[in-house]
Amino acid sequence: YLLQRLGWLLAGVGLFFFSILFCRRLENRPGERVATGKKAGGILLLGLACLLAVQGIYSRKYARRARYAEVYDRHVNHDRLYLLTQELYVTPAGRRLKGLSRMKLLNETGKVLPDFLLYLNPGLRVKSLTVGDDTVSFRRKDQVIVVGKSVLPGDTLRVEMVYEGGIDENIFYLDVPEEELKDSWVEGHPRDLCPRGKRYAYLDEHQVLLNPEGLWYPVTVPPVNPASP
């Protein structure tokens, strides 16, 4: 936000200095015109650099959202366990979150599962994951955690996860089309240079606002299905 505003401010100041060159002032000092032109060009280029940096930030944001949606689609047909109960112990610590989740999961698919899935915000790091009394191995791709534990039909698992970290807001509402996210208050202008901006979560020392769509605790079923909104 501040970088965007700084870019527009510097662009305006640069154009203001350029306007001085057309005022026909200080004609007895030609060196002054050259210095003013260099100053105007430098300030304007610095402002444009800030705006291009903002555009790059938003381009990476949209790319990250597309990657998260693709990860959801890749596991959309994976069999899931049913969440019977869940206990959550969460402690906000500034811009970070410390959490402990104790879950009971049931395999009601009627078949043996070689592994099972959990979903968690990509900004949260899993410190430990246990099934029963055993620490289990897992692999992770962004918000999807594949737990390497086979589950027999009708089995109930006690799963405990300890995690901490920040909240990546790019995981929110992946079923919303990118065109709507890029909507601007001025139609026809470069939308990445005039973004409205949206906040989906707040996690700081002043306030905490976390919705289930942000995956701030582990779940067995994702909150959205981008392939079929």
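Q: Before the fold, what counts as a contact here?
A: Contact means heavy atoms within 4.5 Å. The model is a predicted one.

Q: Fine. Of the contacts between residues at least 6 apart in sequence, what share joins residues at least 24 apart?
A: Among those contacts in the protein, 75% join residues at least 24 apart.

Q: How many helices and strands are there?
A: There are three helices and 10 strands.

Q: In what order do they come?
A: Starting at the N terminus, the order is α-α-β-β-β-β-β-β-β-β-α-β-β.

Q: How much of the chain is buried?
A: Of the 229 residues in the protein, 39% are buried.

Q: And the surface, what does it come to?
A: The accessible surface is about 13300 Å². Carbon and sulfur atoms account for 55% of that.

Q: Which residues make up the nonpolar patch on the surface?
A: Leu3, Leu6, Leu9 and Ile57, with about 330 Å² of accessible area together. Helix H1, residues 2–20, gives the largest share, three residues. Ile57 is in helix H2, residues 30–74.

Q: Why is Ile57 classed as partly exposed?
A: Ile57 has 41% relative accessibility, so it counts as partly exposed. The band for that class lies between under 20% for buried and over 50% for exposed.

Q: Back to H1. What span should its 19 residues have, and what does the model give?
A: At 1.5 Å a residue, H1 should span 27 Å. Its end C-alpha atoms are 27 Å apart, which agrees.

Q: Which H1 residues are buried?
A: Gln4, Gly7, Leu10, Ala11, Gly14 and Ile20 are buried in H1.

Q: What is the general rule for spacing on a helix?
A: An α-helix has 3.6 residues a turn, so residues three or four places apart point the same way.

Q: New topic, the core. Which residues touch the most other members of the largest nonpolar core?
A: That core has 41 residues, and Phe116, Leu118, Leu129, Val159, Met161 and Ile167 touch the most other members. At least two residues of this core come from each of H2, strand E2 (96–106), strand E3 (116–119), strand E4 (124–131), strand E7 (144–147) and strand E8 (156–165).

Q: Take Leu118. What is it in contact with, leaving aside neighbours within four places in sequence?
A: Leu118 is in contact with Met103, Leu105, Leu129, Gln143, Val144, Ile145, Val147, Val159, Met161, Val219 and Thr220.

Q: Where is His75?
A: His75 is in the loop between H2 and strand E1 (82–93).

Q: Buried or exposed?
A: His75 counts as buried, because its relative accessibility is 14%. Apart from neighbours within four places in sequence, His75 is in contact with Arg80, Leu117, Tyr119, Val144 and Val146.

Q: And Glu108, where is that?
A: Glu108 lies in the loop between E2 and E3. With 54% relative accessibility, Glu108 counts as exposed.

Q: How far is Glu108 from Gly154?
A: They are 46 residues apart in sequence, while their C-alpha atoms are 5.6 Å apart in space.

Q: Salt bridges next. How many are there?
A: The structure holds six salt bridges. One of them joins the side chains of Arg74 and Glu70, at 2.5 Å from N to O.

Q: Where do Arg74 and Glu70 sit?
A: Both lie in helix H2, four residues apart, about one turn of the helix. Arg74 counts as partly exposed at 48% relative accessibility, and Glu70 is partly exposed at 37%.

Q: What about Glu160 and Arg102?
A: Their side chains meet in a salt bridge at 2.8 Å, N to O. Glu160 is in strand E8 and Arg102 in strand E2, so the pair ties together parts 58 residues apart in sequence. Glu160 counts as partly exposed at 28% relative accessibility, and Arg102 also counts as partly exposed, at 36%.

Q: And Arg125 with Glu164?
A: Their side chains form a salt bridge of 3.0 Å, N to O. This pair links distant parts of the chain, with Arg125 in strand E4 and Glu164 in strand E8, 39 residues apart. Arg125 counts as partly exposed at 46% relative accessibility, whereas Glu164 is buried, with a relative accessible area of 14%.

Definitions and conventions: Residues numbered from 1 in each chain as written. Predicted model: local features only at pLDDT ≥ 70, side-chain atom pairs only at ≥ 80, totals over all residues. Heavy atoms only, no water. Patch = residues over 30% accessible without salt bridge, like charges linked within 9 Å, V, L, I, M, F, W, Y side chains within 5 Å. Areas by Shrake-Rupley, 256 points an atom, 1.4 Å probe, with all protein chains shown as cover. Salt bridge = Lys/Arg side-chain N within 4 Å of Asp/Glu carboxyl O. Buried < 20%, exposed > 50% of the residue type's maximum accessible area, 1.4 Å probe, protein only. Expected span 1.5 Å × (residues − 1). Core = buried A, V, L, I, M, F, W, Y, C linked by side-chain atoms within 4.5 Å.
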